[in-house]
Amino acid sequence: RASLREQDERLEATQKTAEQTLAEVRAVLDRWDQAKARFGEAMDSFVHRMADAMKDEFEPTPEVVGPPEGVFAHGTDGKQAWKPPQMVVKCEKVARTGMRASIMAHEYQDESDVLDAKVKVLASMIRRARKCAAYTGAGISTAAGIGDYASKAGVRSSVLPKKLRDGTPFDAADALNAEPTIAHRALTSLHVAGLMHEWVQQNHDGLPQKAGMPQSGLNEIHGSWFDPCNPVVPMNGSLRSDLVARLRETTSSADLVVAMGTSLSGVMADTIVSSVGRRAAEARRAREQKTGARLVTRRSIGEDVTVAGEAAETEQGAASAPLPSVVIINAQQTRLDGLASLRIFAKLDDVLKRLCKELGLAPARPIAEPPASRRLPKEDVWDALPYDAEGMPSRDGTVTLDLTRGKQVVLTDGNPPLVLPGSVGVVGPRTKQGHYTVVLQDGKRRTLGLWYLRDAQEGKLPRLPFVNAPPASSAA
């Protein structure tokens, strides 16, 4: 009888164990199903993001053929009675080989009176925009002595200086010490005046920040010489996901994009121009269908009118909301010229100088020294920064960042595999302009722009780029 009781207890225990095992298996299967569902959702989201990024691959734009004429010379909102731009440099070479556009590197300029008229239209568009975004390429920095990709005329070029600084995207060399141009300073003034809300910067040169542009207003989508967490990304590399997300948000919310000095040859970031340009074309067609007349936008006088049905449109109030618009400013033609609401052929410094005058602004002065109200560090020790030991913003305490030469620091963020978060480095000498250098454990020297530390003093950075290595790391 005792033996039967023991056997019964063993059977009961075995049954409970089996039931428990089955329950655990069911739980694992449930988690697996949930994981599959999340994976499926993630894949769907990824496919949609890839489709958005590759939108230009499948949606053709009006083809640019021959010298600029009509809308290709002035934009869909420009006056077609304006004289077409004149070719000032003939160059039969392709501007960007290996890219999506095979456009010749000829250079054009608008007549002075036409340029003045176009700048007035541009000023009106900027005043009316609810969210204006600047999108700049290498052409904005040529006047600073930094070469671009698309100018192939050499010393004959109308936009290149006679002597360029040494340096490449992956080895800045003397270009690290370049000074901002009138265009950089003018765009900074527009931002300070609340007229330009976001600056998407393809370049790596730090010239907007040297002109006084706050880091918070910049999206350095292709990397920077002055941000160790965001090194320059090669053509086959991956952009930082947070910067891509920010670019998409700007693309969806901007109602005016001003593209300057960029060849628009097909990189992913060009979608800010193509997407807003297509949105503008769709909005224009919808309004034309609604009013039954071709819309002629006279932004230079700050109002929209139609050739026919003007009274009806005014009654409906349709003219009160500005259409999405794209402005392209470049001495060369681009593959997206057919999407431009306004097209300007001129040197960027000439355009931005006239624009500031039209808007009653003065180009910002480059930052040489921090304002007196800001504390200067003592012997490269930046103390009382409102961040924690991990470099994250803190309301409860502060941290000291010692950037004395020879000190060890740890990178708080990165863009794998180009640079890894947690990489340890050693502080090196300062540059000619006073920026810090750090040699990371991969042997590469990175530069940290002083503006990051000035912003950190006021808690404006989402994260400190570096923190000091703990004693254990220092001993290692």
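## Helices H5 and H10

H5 passes H10 in a left-handed crossing. This description rests on a predicted model. The two elements are helix H5, residues 182-192, and helix H10, residues 348-359. Their axes come within 8 Å and cross at roughly 30°. Angles under 35 degrees count as roughly parallel, and H5 and H10 are therefore roughly parallel to each other.

On the H5 side, the contact is formed by Ile182, Ala183, Ala186, Leu187 and Leu190. H10 contributes Leu348, Asp349, Leu352, Lys353, Leu355, Cys356 and Leu359. Sorted by class, the contact of H5 with H10 holds ten nonpolar residues, two charged residues and no polar ones.

## Helices H4 and H10

H10 also packs against helix H4, which spans residues 112-128. Here the angle is about 55° and the axes are 9 Å apart. That angle makes H4 oblique to H10. H4 passes H10 in a right-handed crossing.

The residues of H4 that make this contact are Ser112, Leu115, Asp116, Val119, Lys120, Leu122, Ala123, Ile126 and Arg127. From H10 come Val351, Arg354, Leu355, Glu358 and Leu359. By class, the contact of H4 with H10 comprises eight nonpolar, one polar and five charged residues.

## The largest nonpolar core

The largest nonpolar core has 36 residues, of which Leu122, Ile329, Val351 and Leu355 touch the most other members. At least two residues of this core are supplied by each of H4, strand S3 (132-136), H5, strand S6 (256-260), strand S9 (325-329), strand S10 (342-344) and H10. H4 gives the most, with eight residues.

Which residues does Leu122 touch, not counting residues up to four places away in sequence? Leu122 is in contact with Val258, Val327, Ile329, Leu342, Ile344, Val351 and Leu355.

## The protein as a whole

The protein contains twelve helices and 17 strands. Of its 476 residues, 48% count as buried. Among contacts between residues at least 6 apart in sequence, 63% join residues at least 24 apart.

Conventions
Residues numbered from 1 in each chain as written. Predicted model: local features only at pLDDT ≥ 70, side-chain atom pairs only at ≥ 80, totals over all residues. Heavy atoms only, no water. Axes fitted to C-alpha atoms, helices over the stretch in contact; angles between N-to-C directions. Helix = DSSP H or I, 4+ residues; strand = E, 2+ residues; numbered from the N terminus. Parallel < 35°, antiparallel > 145°, perpendicular 65-115°, else oblique. Left-handed = near helix turned anticlockwise from the far one by under 90°. Contact = heavy atoms within 4.5 Å. Nonpolar A, V, L, I, M, F, W, Y, C, P; charged D, E, K, R; others polar. Core = buried A, V, L, I, M, F, W, Y, C linked by side-chain atoms within 4.5 Å. Buried < 20%, exposed > 50% of the residue type's maximum accessible area, 1.4 Å probe, protein only.
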